[in-house]
Amino acid sequence: MTTVTQQEVDAGRVERKAGRGFWLVAVISFCYLFSVSAPSPLYGVYAAEWHFTQSTMTIVFGVYAVTLIVAMVLAGSLSDAVGRKPVIAAALVVQCAALVLFLLASSVGWLFAARLTQGCATGLVTAAVAAALVDLQPAGRPGRAALVNSAVPAAGLAFGALTSGLLIQYGPAPTKLIFWLLLGAFVVMILVLTLVPETVSERRRPTLGSRIGVERPVRRAFIATLPVVVAVWSLNGLYLSLGPSLALALAHSHSGLLGGAVIFLLCGCACVTGIALHNRAPRQTMLLGCALLGTGVLITVLAVVVTLPALLYLGTAVSGCGFGAAFLGSFRTLAGLAVPEHRSALIGAIYVVAYLAFSIPAVIAGVLTTRIGLHNTAIAYGIVVAALAWIALPAAARHCHRSETEQ
């Protein structure tokens with residue numbers, strides 16, 4: 001007869017608590033990205049009510065990335081010093097403040113303030129949540145944190161846009177209801193955080209600033225994958241800022257649901273593809289993603305040229321699969337090349353490039369829209385993204401082959 005010792009019982013209790021904490025942190029991550037895409041289908045509503053241009057719309061969208069990057073640079077390693085839970089709790093409070101600003105919004109200035117605050121909250125929480133997931137992942141499932149870190153954000157973006165679109169179409173108070181629901185969810189998340197175990201046992205004096213950089217041996221790989229990262233995130237930025245307007249323009253519709261569906265399709269396909277391919281070799285995943293991304297964007301460009309909404313959604317689905325595969329493959333390729341002591345600095349550099357590509361091209365597209373129109377801007381933007389994806393194919397393949405032979 002096997003006797004279970006008190007030490008084994010305590011170990012099992014700690015493991016169950018960590019497992020529960022892992023999924024609670026994953027839910028917090030989902031809620032953050034849900035809230036990021038929730039305003040996207042509303043931008044057209046705001047523009048109609050407050051009479052601002054699409055260039056203003058994309059600037060409102062883009063300022064989010066500016067404060068996010070600043071917060072990541074200044075506080076990316078803060079949770080290593082003071083603990084995961086205090087940083088996540090502070091970010092949740094800041095996020096609640098952003099949602100209150102959205103609720104109070106009566107002009108475009110309020111939207112700027114809300115998005116700036118939201119960017120600060122997301123930048124503050126990103127590294128802390130990612131680290132907490134790694135800390136809390138089950139001992140027998142070492143890849144679970146990486147999978148959740150890649151799949152959950154895409155799922156949050158997808159369902160945030162779709163839910164917002166549904167509420168615009170069928171719910172009351174379209175510019176308020178989604179933010180009331182999110183505010184309630186984040187207040188609950190603050191309470192839920194008390195159930196998550198703290199994983200940082202040794203505290204030290206916090207210092208502002210986190211290491212961001214690329215060590216010399218990885219620089220060639222980093223440069224080779226830059227077109228991939230820029231292509232996928234600039235496409236994501238276009239969809240989250242102008243995607244709903246483009247979908248509605250092609251369909252000659254004012255349906256908020258159609259506007260949210262195009263973002264849901266892009267990010268949802270990215271999420272599913274990331275899950276499906278997470279065990280594949282990074283090189284194969286990245287090359288497949290580049291090919292799918294280039295093909296999908298060209299289909300999207302063709303849809304705009306011939307004004308065929310169904311083709312737009314097909315192109316969006318293929319692009320979304322490319323987005324999920326290309327970023328997952330490039331991220332894992334670079335992370336695998338870095339030595340552990342320089343890995344966090346490299347990951348920070350990847351995300352700085354990603355969020356710059358997420359915001360700056362979208363703002364440029366907004367400015368161009370006021371000059372040459374949404375139709376022509378979408379075509380030009382799509383051609384550039386497709387070109388980046390196709391250019392990345394031989395460069396990435398050549399570098400990956402060289403890295404493999406050197407190893």
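Okay, let's start with contacts (heavy atoms within 4.5 Å): among those in the protein between residues at least 6 apart in sequence, 85% join residues at least 24 apart. Now, this is a predicted model, where local features need pLDDT of at least 70 and side-chain atom pairs count only at pLDDT 80 or more, while totals for chains, interfaces and linings use all residues. Residues are numbered from 1 along each chain as its sequence is written, and side-chain values use heavy atoms, with hydrogens and water left out.

What is it built from? The protein has 13 helices and zero strands; those are DSSP runs, H or I of at least four residues for helices, E of at least two for strands, numbered from the N terminus. Of its 407 residues, 53% are buried, meaning under 20% relative accessible area, with exposed over 50% and partly exposed in between (1.4 Å probe, protein chains only).

On to the rings. A search of the whole structure turns up 17 aromatic pairs. Tyr 351 and Tyr 355 count as stacked, because their ring centres are 6.2 Å apart and their planes sit at 25°. The rule is that rings of Phe, Tyr and Trp (its six-membered ring) pair if their centres lie within 6.5 Å, and planes under 30 degrees apart are stacked, over 60 edge-to-face, the rest tilted. These two tyrosines are four residues apart in helix α13 (residues 340-406), so about one helical turn separates them. Tyr 355 is buried, at 8% relative accessible area. Ring pairs also tie both tyrosines into a cluster whose members include Phe 61, Trp 233 and Phe 358.

Last stop, Ile 212: this residue lies in the loop between α8 (177-192) and α9 (219-251), and is partly exposed at 34%.
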